[in-house]
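Have the viewer open and follow along.

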Number of protein chains: 2
Amino acid sequence: MNIQIIAVGSELLTPYYQDSDSLYLTRGLNDLGLSVRTKIVIGDELESLAAAVRRSRDEADLILITGGLGPTGDDRTREAVSFVFGRPLVLQEDIVASIEERFRRRGRTMPPVNRKQAEILEGAEVLANPAGTAPGQWLDAGGKTVILLPGPPHELRAICESQVWPRLRSRQRAFLSRRVLKTAGLTESEIESLIDGMYPREQALDLTVLASPGQIELHVAAASDVSAADADQRSGALAAKLRERLGRAVFSENGADLETVVGRSLARKKKTIAVAESCSGGLLCRRLTGVPGSSAYFLEGFVTYSNAAKTARLNVPAETIETNGAVSAETAAAMADGVRKAAGADYGLAVTGIAGPSGGSEEKPVGLVFCAVSDGRRARVERSVFLGDRVRVQQQAAQKTLDFFRRLLEEDPEP
Amino acid sequence: MNIQIIAVGSELLTPYYQDSDSLYLTRGLNDLGLSVRTKIVIGDELESLAAAVRRSRDEADLILITGGLGPTGDDRTREAVSFVFGRPLVLQEDIVASIEERFRRRGRTMPPVNRKQAEILEGAEVLANPAGTAPGQWLDAGGKTVILLPGPPHELRAICESQVWPRLRSRQRAFLSRRVLKTAGLTESEIESLIDGMYPREQALDLTVLASPGQIELHVAAASDVSAADADQRSGALAAKLRERLGRAVFSENGADLETVVGRSLARKKKTIAVAESCSGGLLCRRLTGVPGSSAYFLEGFVTYSNAAKTARLNVPAETIETNGAVSAETAAAMADGVRKAAGADYGLAVTGIAGPSGGSEEKPVGLVFCAVSDGRRARVERSVFLGDRVRVQQQAAQKTLDFFRRLLEEDPEP
């Protein structure tokens, strides 16, 4: 089946806006075992819009069009489809009434221009919009299906979830199962060489590797003509093999981020943490406190940029810094010990490094980072050298510290 | 001129990847006074790729194609263009030699598959790739221009900057001038009503308003057939009128972020700051320390989630918290005073609030935030209520605190 998505809107042809609706639509279609063949972005002018619809009509079996259903003169999607498919637009008074009602509930009167949103293609089914004024439309014509959807993401989603996905599911030929393994601590090329030869050759089984700084995700998708359980079994079998190869690098199989995994573990163990950051400048605290409920285990954080602050707040001996440098295993360990004691926490996390662009030397280059975890018995330290600009080094430093801590928490024999 | 961009790559038809190359290309074309009519995303299969190229050939005057120039069997852009434009591919041994040389410099041998990257459309000009193995190609054929470009962004940019933009500039019909006013402290609708009637009616003058949490940007673009100075004068005149209407909400006209504006002001005045955060959990520190050179003025930061930490670190009287609550103007002021003194800084910044999802009450709802700035003479406090989820409240809390401080710094009579 040839499926095409047309995103309508002149703003999508500027350098400022991406067509993100098509990502949502693609995910929904993929979940039904359907693939997208072509995506088109087109402006609001009727002529080019009609040309795009005509091309898709000639090529595709299913066309999803987002945007251009508003009330203003710029909104020409209905007209373009009407013109290309030869279906006149018919004003439906019951829809006018429901749009008026929507305005009334907000204490406002419907402007006359909004009547246009009640113009429906002859023979199309109306897809009620629970989140806005413009209804969607579903037209089956000449063996083709055209679906008109509003551009605002929450309206698009509301209509797809209540009406488009259920309708398409009833035509569904395949069942799909997806799994995501999130990993930290291995580079993309290390992952690729570990899973070498594991890329599936079957058409209905798919593996995609997605890399971001300090985190590689493996997306597994299986399709089945037989049943959802069959698809699930097949995606599960591949995921299990990948997990075996990748071992402890896998930190999540349910979509959770590293800070959420760490937070859940702390909450379960009823343990608390305190954080001391230098080079990452608050990012580690920010990630940990971004998790709802983190106040249960996150006691406090210190962004100790200066040596004086490291000594005053964290009780790092001035001698330790003088002898080894602020960026050293010894200082990192003393920071982790110090922040744990200062806050009265079960664990102290610390990170110190050179984020750049200046401050590096031959012996201690930009990107050198030490992270440390203290549990009161001892402080463990890990040394890394990260590539990239200041922000990228900071991101990797925070990610590495979280992952180092995650691994130590997993080893902890306590429940 | 009808300009179309085709982005080639099956990964761009998944929910995981956006076609970001086209944003870069659009910006470059816009800077030359050229607009994009249509963007198309297509997979790697030769048949659909050729169909897309054929459609664009029939419609467009200028076609930019990104991706599909790699060495593997998936890379079919050259073939598709060859097929549609009837221009055979000719292997150029000098390009083979330069690709071999590129591998040799890295101590490797060129795999035989890479020879394919030296296949050039008959009559096309080669666009040398300073950043990778696949050269670009520029074909003028039958009144149409087709430009083939590699997909990796740094390769695309290297070729465009060295060869594509200069060539297109020589055909240029218009001069373009752009300006960006960044604002904080006003909502999108407040901005819209302030600039009501200022949207230009001339075709060659354009105003776009872009909103993100706590920050609204106004993008002005002017085109001129006459000269760059004329375009510049016209964009400058509109920017000046906007600035007059928006007043102190405008914090930057050169692209700088709020933390950079604040940082430059501190560096100029030779003043230092210390930061105490509660609800924003490290984000404020993270933004301030993300600026290169921030260690000159950022002394230290405290993420004081618990009341005990606010008292122990910042010397906030337990009574202040007990009487007024941790989220109150009084506590915010005491945090700002306390962090300034503890760190020995010129200014203390503090923010306390309820980020949610839990912790709100009727009197103090989720989203309630107090930010405070102390300069040693007094602490000034501002109260806000932000909408949105936890992360959005945190983002707005940090932005508001930075903007509150920026405005106070501007009022400061010292140089």
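Two strands count as paired if DSSP finds at least two bridges between them. Keep in mind that this is a predicted model.

With that in hand, turn to chain B. Strand 9 (residues 175-183) and strand 11 (residues 215-224) of chain B run antiparallel and are joined by nine bridges. Along this pair, Ser177(B) has Ala222(B) of strand 11 of chain B opposite.

Now widen the view to the sheet around them. Four strands of chain B form an open sheet in the order 10-11-9-12, and their pairing is antiparallel. Strand 10 (205-212) and strand 12 (250-252) of chain B are the edges: each has a single partner strand, so one side of each lacks a neighbour in the sheet. On average, and ignoring direction, neighbouring strands here are turned by 30 degrees against each other. Packed on this sheet is helix 7 (residues 228-246) of chain B, which touches strands 9, 10, 11 and 12 of chain B. The direction of helix 7 makes about 20 degrees with that of strand 9 of chain B.

The structure holds one cavity of 30 Å³ or more, and the volume of the largest cavity is about 120 Å³. Which elements give two or more residues to its lining? They are strand 2 (38-42) of chain A and strand 2 (38-42) of chain B. Strand 2 of chain A gives the most, with three residues. Among the lining residues are Lys39(A), Ile40(A) and Val41(A), along with Lys39(B) and Val41(B). Sorted by class, the lining has four nonpolar, four polar and four charged residues.

Notes
Residues numbered from 1 in each chain as written. Chains lettered and ligands numbered in written order. Predicted model: local features only at pLDDT ≥ 70, side-chain atom pairs only at ≥ 80, totals over all residues. Heavy atoms only, no water. 1 Å grid on protein atoms, 1.4 Å probe; cavity = no way out; pocket = protein on both sides within 12 Å on 5 of 7 lines; lining within 4 Å. Points joined across faces, edges and corners; volume = space filled by probe spheres on them. Nonpolar A, V, L, I, M, F, W, Y, C, P; charged D, E, K, R; others polar. Axes fitted to C-alpha atoms, helices over the stretch in contact; angles between N-to-C directions. Contact = heavy atoms within 4.5 Å.
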